[in-house]
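Thank you for making time for this. I would like to walk slowly through one structure that may be new to you, so please keep it in view while I talk.

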Amino acid sequence: MRTGVWLVGARGSVATTSIVGGLALRAGLTAPTGCVTELPALRGPALPAFTDLVFGGHDLATTPLTKRAETLADAGVLPGRLAATLAADLAAVEEELRPAPTGGTQAERAATVVADLAAFRQRHRLARVVVVNVSATEAAARPHPGHADPAALRAALAGPDEVLPPSSLYAYAAVEAGCPYVDFTPSTGLRLPALAELAVARDLPYAGHDGKTGETLVKSVLAPMFAMRHLAVRSWSGVNLLGGGDGATLADPAANAAKVESKQRVLGETLGYLPQGQTRIEYVEELGDFKTAWDLITFAGFLGTGMRMEFTWHGCDSALAAPLVLDLARLTAAAHAAGRVGPLSELAFFFKDPLDSPTHSLSEQWQRLVEFTGRLHAGGAA
């Protein structure tokens with residue numbers, strides 16, 4: 001099942017690491033460490049093989065992929081030998097990258113993206129193309145009447161206004177091209193009524209939002225523990241320090257607020273209340289593609305005895321995110337092949353702010369994911 005993986009933000013750190021990782025897996029140069037879909041509970045015939053994945057994408061940046069890979073290797077994100085060994089393969093992927101359209105109306109820009117996706121699918125004789133947004137985090141979308149109705153949206157896009165934020169314009173183009181869409185960022189993406197209605201009308205599945213790779217991953221394990229032990233969490237405060245392009249983007253207050261809201265939601269929905277404290281995100285250029293999170297939790301037990309817990313998470317964002325991007329592309333492609341339509345709530349395991357998920361508990365999300373893939377592999381309805 002030859003499957004296209006079209007990356008929005010294709011020259012960024014996460015996308016480049018995903019491409020290098022996918023090529024390395026295809027060539028047998030690395031183990032699938034971090035790829036959840038290669039665990040025995042999820043592995044099976046319904047998922048496209050790594051050898052079936054074909055990469056393409058859009059970006060405003062023009063730095064060649066080979067150069068981006070070399071930069072990431074110098075930063076310790078990926079092995080230098082891979083950047084060198086896969087230079088020819090990266091150059092081939094480079095030919096499949098297209099400049100993000102600018103200028104004109106949003107309808108015209110969307111049409112360009114649709115044409116690029118259609119040409120990519122035809123050129124490589126792909127069964128389907130999954131569009132994955134790994135671009136910079138956006139501020140929350142400004143309300144517009146077109147967000148609620150497909151007909152009004154189409155009419156508005158043909159006008160001079162910026163009706164949709166970039167993530168949603170790509171989601172619209174993906175749907176118009178008949179492609180499933182995955183948002184690995186906290187941006188708006190397909191999370192607008194008009195876009196959701198269009199996706200269902202085109203029989204397309206979609207997933208998101210905001211890949212769960214670090215501090216929130218730990219929260220999704222610890223918060224259910226406190227809830228199940230009936231311990232009262234009094235406060236939960238966190239400080240996130242990160243560099244790289246994502247950190248620079250989150251230096252913008254509006255983008256920072258969107259990210260913080262996504263990270264905080266897991267606590268309120270898991271505990272049933274929101275404890276005191278905030279999550280703070282700070283840009284530290286020196287950290288590059290690595291990030292550090294420190295959390296302090298205060299809680300009360302029997303007889304009101306006060307206690308505390310602290311943890312520190314130090315990781316490489318791109319190396320944590322890239323295998324999940326590959327997982328999501330494979331799972332979403334399999335869901336599309338099985339005829340699944342609408343939000344893929346069973347993929348909540350991968351997201352901080354998952355669509356239509358009944359739980360934020362990682363263990364419960366894992367069980368739903370196992371059952372979902374089991375149905376896919378059995379050839380039944382997803």
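This is a predicted model: local features need pLDDT of at least 70, side-chain atom pairs count only at pLDDT 80 or more; totals for chains, interfaces and linings use all residues.

Let me start with a pair of helices: helix 6 and helix 7 are roughly perpendicular to each other, because an angle of 65 to 115 degrees counts as such, and their axes cross at roughly 110° and come within 13 Å.

Which strands make up the parallel sheet, and in what order do they stand? Seven strands form this open sheet, and reading across we pass 3-2-1-4-5-6-11, with parallel pairing. Strand 3, residues 97–99, and strand 11 are the edge strands, each of them pairing on one side only.

Within that sheet, strand 1, residues 3–8, pairs with strand 2, residues 53–59, through six bridges in the parallel sense, and one place to look is Thr3, whose bridge partner in strand 2 is Leu53. Lying across strand 1 and strand 2 is helix 1, residues 13–26, which runs at about 165° to strand 2.

Further along the order, strand 5, residues 181–183, is joined to strand 6 by three bridges, and the two run parallel, with Val182 standing opposite Ala207 of strand 6. In a regular strand the side chains alternate between the two faces of the sheet. With that in mind, are the residues on the two faces of strand 6 buried or exposed? Strand 6, residues 205–208, is covered on both faces, with Pro205 and Ala207 buried on one side and Tyr206 and Gly208 buried on the other.

Let me turn to the other sheet, which is open as well and has four strands in the order 8-7-9-10, with mixed pairing. From one strand to the next, the twist averages 10°.

Towards strand 9, residues 290–300, strand 7 runs antiparallel and is joined by 10 bridges, with Trp236 standing opposite Ile297 of strand 9. Towards strand 8, residues 279–283, strand 7 runs parallel and is joined by five bridges; here Gly238 stands opposite Thr279, and Asn240 stands opposite Ile281.

Two helices lie across this sheet. Helix 9, residues 215–228, lies across strand 7, strand 8, strand 9 and strand 10, and runs at about 155° to strand 10, whereas helix 12, residues 317–337, lies across strand 9 and strand 10 and runs at about 80° to strand 10.

How do the axes of helix 12 and helix 13 cross? They come within 10 Å and cross at roughly 50°, and helix 12 and helix 13 are therefore oblique to each other. Their crossing is left-handed, and in it Leu331, Ala334 and Ala335 of helix 12 meet Leu369, Phe372, Thr373 and Leu376 of helix 13. By class, this contact has six nonpolar residues, one polar residue and no charged ones.

I will finish with two single residues. Ser345 lies in the loop between strand 11, residues 342–343, and helix 13, residues 362–378. Ser345 counts as buried because its relative accessibility is 9%, and, with neighbours within four places in sequence left aside, Ser345 is in contact with Arg340, Leu355, Asp356, Ser357 and Arg368.

The other residue is Gly244, found in helix 10, residues 244–249. Although Gly244 and Ser13 are 231 residues apart in sequence, their C-alpha atoms are 8.2 Å apart in space. Not counting residues up to four places away in sequence, Gly244 touches Tyr283, Gly288 and Asp289.

Notes: Residues are numbered from 1 along each chain as its sequence is written. Side-chain values use heavy atoms; hydrogens and water are left out. Buried means under 20% relative accessible area, exposed over 50%, partly exposed in between (1.4 Å probe, protein chains only). Contact means heavy atoms within 4.5 Å. Two strands pair if DSSP finds at least two bridges between them. Axes are lines fitted to C-alpha atoms, for helices over the stretch in contact, and angles run from 0 to 180 degrees between N-to-C directions. Angles under 35 degrees count as roughly parallel, over 145 as roughly antiparallel, 65 to 115 as roughly perpendicular and the rest as oblique. A crossing is left-handed if the near helix is turned anticlockwise from the far one by less than a right angle, and right-handed if clockwise. Ala, Val, Leu, Ile, Met, Phe, Trp, Tyr, Cys and Pro count as nonpolar, Asp, Glu, Lys and Arg as charged, and the others, Gly among them, as polar.
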